[in-house]
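Work through each one before reading its solution.

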Amino acid sequence: IIMRTLIEAVVSTQSTGDGKWADPAPPRTPPTISLTKFMGHTKLQGMISDELRNIMGKDTVREGVDIVFRMFQAKEFNRLLFYKIFESLLEAVFPDNKIRATLSLLRHNINQKAIARRYSTI
């Protein structure tokens with residue numbers, strides 16, 4: 001029931017209403033991408049309270065926010081963050097299925113294959 005509701009919610013937001021998927025959005029232009037990054041960075045800077053800026057120092061807070069912003073630009077970091085959030089969601093929805101142990105074993109096998117692949121080309 002939960003999965004069906006989730007799928008229906010995703011399909012209804014991306015569907016044209018007649019059960020067919022909507023056309024993909026056109027690719028964003030470089031100026032649009034730059035503007036979006038600027039707006040996101042500005043929003044992130046604005047989330048920090050003035051009290052925290054005064055306690056920690058304006059330059060320190062600005063540099064810290066810059067580091068966090070750059071981290072969110074990395075595809076690998078975003079992928080790992082998504083997997084961790086998805087894993088936590090699965091654990092919350094299915095607490096009796098030992099999701100953490102299963103995913104840990106899966107990650108271990110994937111890492112071993114990646115290591116073997118990396119050193120087989122050397």
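**Exercise 1.** Decide whether Y83 is buried, partly exposed or exposed.

Solution. Start from the relative accessibility of Y83, which is 48%. Then apply the cut-offs: buried is under 20% relative accessible area, exposed is over 50%, and partly exposed lies in between, with a 1.4 Å probe and protein chains only. Y83 therefore counts as partly exposed.

Before going on, note that this is a predicted model, where local features need pLDDT of at least 70, side-chain atom pairs count only at pLDDT 80 or more, and totals for chains, interfaces and linings use all residues. Residues are numbered from 1 along each chain as its sequence is written, and side-chain values use heavy atoms, without hydrogens and water.

**Exercise 2.** Place Y83 in the fold.

Solution. Y83 sits in helix α5, which covers residues 75-93.

**Exercise 3.** Describe how α5 meets α6.

Solution. Take the geometry first: α5 and α6 (residues 99-120) pack at about 145°, with axes 9 Å apart (axes are lines fitted to C-alpha atoms over the stretch in contact; angles run from 0 to 180 degrees between N-to-C directions). Next, find the partners: K84, E87, L90 and E91 of α5 meet I99, R100, L103 and R107 of α6 (contact means heavy atoms within 4.5 Å).

**Exercise 4.** Work out what share of the protein is buried.

Solution. Take the 122 residues of the protein; 7% of them count as buried.

Technical notes. Helix = DSSP H or I, 4+ residues; strand = E, 2+ residues; numbered from the N terminus.
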